[in-house]
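This report describes selected features of one protein structure. Please keep the sequence and the model in view while reading.

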Amino acid sequence: MIYTVTLNPALDYTMHLDALSQGSTNRSARESVTFGGKGINVSAVLRELGLPSVVLGFAAGFTGRELCRLLDEAGLSHKLVMLEEGMTRINVKLRADRETEINAGGPAVRDGELNRLLEQLEGLTEEDTLVLAGSVPAGVPSRIYEQILSRLAGKGVRVVVDTEPKWMKGLLPYRPFLVKPNRAELSAFVGRELHDEEELLSAARELQRLGAQNVLVSLGGDGALLLDDAGEVRRAAAMGGKPIGTVGAGDSMVAGFLFGVSTDKDNALRYALAAGGATATGEGIATAARIYAVLGLSD
């Protein structure tokens with residue numbers, strides 16, 4: 001089974017405007033409310049591709065109950081720990097000529113509530129995949145991902161990591177199956193600007209030397225670079241056409257890669273780019289129909 005952990009999920013409130021004028025009243029042409037959070041996005045695309053998963057993490061308040069309702073409506077299995085206080089955050093996405101995001105902080109998590117989540121992970125085995133993605137909310141130790149991997153050490157769980165560079169270094173010694181930085185995150189990790197493909201590859205090799213098995217570097221409109229667990233380098237262009245947004249595109253790539261690994265490993269990068277492109281060029285998280293259309297196939 002695949003388990004996705006989203007410690008700080010959200011309701012994403014997206015407003016579409018013809019133009020955004022700062023300092024004045026703006027009126028939205030239309031709005032939508034969807035579930036948000038990197039791990040949840042991964043689960044959503046996995047479901048579209050026919051791979052079951054379980055969403056883990058925290059929810060709180062009336063927004064947390066709405067999040068659970070939306071997950072149920074989408075057919076996503078979840079075991080979110082309900083917090084006694086606070087509310088699941090609402091993130092505002094403004095789409096006009098450019099995309100602007102306003103992300104809230106999220107609720108505080110108490111020690112007992114965190115322990116309930118950790119207990120859910122105790123039974124994972126070598127048959128399972130764990131996706132750790134996204135930010136760490138208030139009250140949760142900043143090294144929580146490292147704590148999780150320490151508890152799972154020796155169990156053979158396949159781990160995917162997509163989080164901020166400041167938390168990445170402590171995770172690499174646990175040999176995660178996949179890490180997926182973008183260009184800016186990879187630059188921040190190695191402490192230098194990465195301009196060309198040679199520099200990107202050198203930084204990816206650095207992550208691999210530190211323990212990562214597969215390094216998938218997302219490059220937006222420039223596609224992606226994959227340094228796989230055999231040391232082979234694969235480079236591919238972006239797919240899907242002109243993007244209209246970036247929210248969830250990287251998460252979709254993670255899901256596409258996992259699907260590719262489970263069905264056609266040699267084409268895992270292609271599935272990753274198709275899923276990412278389908279999200280970036282359409283409304284909301286990619287559907288199976290959009291992914292297969294990008295691939296030039298029927299679902």
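## Residue R175

R175 is partly exposed, with a relative accessible area of 48%; buried means under 20% relative accessible area, exposed over 50%, and partly exposed in between, with a 1.4 Å probe and protein chains only. The residue is found in the loop between helix 5 (165–168) and strand 10 (178–179). Helices (H or I, at least four residues) and strands (E, at least two) are DSSP runs, numbered from the N terminus.

Although R175 is not a glycine, its phi is positive, at about 55°. Most residues other than glycine have a negative phi.

## Basis of the model

This is a predicted model, in which local features need pLDDT of at least 70 and side-chain atom pairs count only at pLDDT 80 or more, whereas totals for chains, interfaces and linings use all residues. Residues are numbered from 1 along each chain as its sequence is written, and side-chain values use heavy atoms, with hydrogens and water left out.

## Two further loop residues

A237 is found in the loop between strand 13 (233–236) and helix 8. With a relative accessible area of 55%, A237 is exposed. Not counting residues up to four places away in sequence, A237 touches D222, G223 and L273; contact means heavy atoms within 4.5 Å. The C-alpha atoms of A237 and G221 are separated by 7.8 Å, and the two residues are 16 residues apart along the chain.

P137 has its place in the loop between strand 8 (129–133) and helix 4 (144–152). P137 is buried, with a relative accessible area of 4%. Leaving aside neighbours within four places in sequence, P137 is in contact with L7, N8, P107 and V109.

## Helix 8

Helix 8 comprises 15 residues (residues 249–263) and should span 21 Å at 1.5 Å a residue; its end C-alpha atoms are 21 Å apart, which agrees. The expected span is 1.5 Å times one less than the number of residues. Helix 8 is mostly covered, as 13 of its 15 residues are buried.

## Pockets

The largest pocket holds about 1,100 Å³ of space. A pocket is an open set of points on a 1 Å grid over the protein atoms alone, with protein on both sides within 12 Å along at least five of seven lines, and lining residues have an atom within 4 Å of a point. Grid points are joined across faces, edges and corners, and a volume is the space filled by probe spheres set on the points. The lining of the largest pocket has 47 residues, of which K38, T246, G248, A249 and G250 lie nearest its centre. Among the elements that each supply at least two lining residues are strand 2 (10–16), helix 1 (38–48) and helix 8.

The second largest pocket holds about 300 Å³. It is lined by 16 residues, of which T14, T34, E283, G284 and I285 lie nearest its centre. Strand 2, strand 3 (30–36) and strand 6 each supply at least two residues of this lining.

## Nonpolar cores

In soluble globular proteins, nonpolar side chains tend to be buried together. A nonpolar core is a set of buried Ala, Val, Leu, Ile, Met, Phe, Trp, Tyr and Cys residues joined through side-chain atoms within 4.5 Å. The largest nonpolar core has 47 residues, of which L130, I144 and I148 touch the most other members. Apart from this core lies another, of 35 residues, among them V45, L226, A268 and Y292.

Technical notes. On a 1 Å grid over the protein atoms alone, a cavity is a set of points where a 1.4 Å probe fits but cannot get out, and a pocket is an open set with protein on both sides within 12 Å along at least five of seven lines; lining residues have an atom within 4 Å of a point.
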